[in-house]
Amino acid sequence: RVLIVDFGSQVTQLIARRVREAGVYCEIHPFQSAAEAFDALRPKGVILSGGPASVLDHDAPSAPPMVFETGLPVLGICYGQQTTAQQLGGTVEGGHPAEFGRAFVEIHEPSALYDGIWSVGERHQVWMSHGDRVTRLPDGFAVRATSPNAPFAIATDEERRIYTTMFHPEVYHTPDGAKLLKHFVVDICGCRPDWTMAAFREEAIGRIREQVGDGRVICGLSGGVDSAVAAVLIHEAIGDQLTCILVDHGLMRMNEAREVVDLFRGHYNIPLIDVDASDTFISALEGVSDPERKRKIIGSLFIDVFQEEAGRIGTDGKGEPQFLAQGTLYPDVIESVSFTGGPSVTIKSHHNVGGLPERMNLKLVEPLRELFKDEVRALGRELGLPDAFVGRHPFPGPGLAIRCPGGITREKLEILRKADAIYLDEIRKAGLYDAIWQAFAVLLPVQTVGVMGDGRTYDFVCALRAVTSVDGMTADFFHYDMDFLGAAATRIINEVKGINRVVYDVTSKPPGTIEWE
Ligand code: XMP
């Protein structure tokens, strides 16, 4: 195992991704609690992340001293390099020309850090992003590579196995970065690359059995990948002690609820209660246009309906449920490093079903807490879920309600559902589905004039959205070929009554968000 000490970089999670892709388990902990994590995890190596602070600041974050004292290999990246230098007796200064973005490092000396990957005399592309820099190294360290603005691009103490880089090996724009990180965790730290989904499945099943014993578990299925994978895994562990509940709020995509029901009943034979509550939800939402109100109404109705169904489960003579399963993922669990101290601004409230466990007095079973999204997909495949299901784009809890800005009506939802299905069908046919993080249609509350045949139309505008992203935190709009967009638009206008104009959203995140509401 490897411990990643987080100093608040935007890309710390990518370090963990790269380490796990190398087959090694790792955990991210904020610098404030890294000492306890170090004791609990007993890592074979430590990686210090980048971060926005300056080591020159009063109260600058630092690594727990034991990181350097126990003789384990350490890799300090960017801020991690600066704090390493500072903590071990070197000097860091600000006010140098900042190097952002692409840079080239030139290798002057060999180092175990890139042994077998980079050689002396070579130049390699890396990604830099910092203004402060080390100006005097601690005893035992030497410079191994430089770049024009970074005389200490790589500095290491080979004897103590402390390696530092001013660049970010974890980002995509450092082409050899994944290899360097793998080499660090496997060859230098000596971790066995045996963190696979098959191994995880076995371990997770054991943990679920231990936690649940002969208790009963209920699990809400959303139609998405996470809750489905959690449910299949738990069913494998405890069989029919699990009951799933699917609340169809009428805001899902075309056929989505049906597909999940068929998969669970037909293929896996997992006990499933499916409730068609679409009338309740849509009546409550009719005419509501404020996005946060929509979320609140959906969230609280969901809890009511779910609680009612769950209450019934206990009356079948097999006992009351004591556990609630959730498909919580690692990015929701990682405690984030905050430098502002104050509360962060709420952009959107995503906690659709927050409060449910307390209200029902249930303990949580969260078997996916340690996994990233793509690991959950790999686990889903390992458990035999169909590829098309496992590869589904993320879908928000409030569903189509937040893709229908303005007041919601049943009719609008139907129009939107049809347009969305055609759009996704075109994307799949063009072989683009897996290259896109999320793609969906939005039905705008605007009518425009058109002409069809000889007649005038006055119908709604449909906006198409598609983004690429690694985690949904930032996103770029997807660059389609115009012919593709033209063909998709034509099909939507021809086949969906109520839409006579289609536009494409070219906003990235930031400044936009992925969803329109
Ligand atoms: P935004 O729109 O904030 O979305 O850029 C980021 C990711 O979160 C999803 N999303 C939601 N998921 N409940 C959810 O479960 C919500 O209320 C919600 N709002 C946005 C969105 O689909 C994207 O993947």
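Trainee: Which residues is A228 in contact with, leaving aside its neighbours within four places in sequence?
Mentor: Two residues are in contact if their C-beta atoms, placed from the backbone, lie within 7 Å. By that rule A228 is in contact with L221, V260 and L385. Keep in mind that this is a predicted model, where local features need pLDDT of at least 70, side-chain atom pairs count only at pLDDT 80 or more, and totals for chains, interfaces and linings use all residues. Residues are numbered from 1 along each chain as its sequence is written.

Trainee: Is A228 buried or exposed?
Mentor: A residue is buried if 20 or more other C-beta atoms lie within 10 Å of its own, exposed if 12 or fewer, and partly exposed in between. A228 has 27 such atoms, so A228 is buried.

Trainee: Where does V225 lie?
Mentor: Helices are DSSP runs (H or I, at least four residues), numbered from the N terminus. V225 is in helix α7, which covers residues 225-238, and A228 lies in helix α7 too. V225 is buried because 23 other C-beta atoms lie within 10 Å. Not counting residues up to four places away in sequence, V225 touches V376, R377, G380, V390 and R392.

Trainee: Which residues does the "binding site" annotation cover?
Mentor: UniProt positions are given in the numbering used here, feature names are shortened, and annotations may be inferred rather than shown by experiment. The unreviewed UniProt entry lists S222, G223, G224, V225, D226, S227 and A228.

Technical notes
Helix = DSSP H or I, 4+ residues; strand = E, 2+ residues; numbered from the N terminus.
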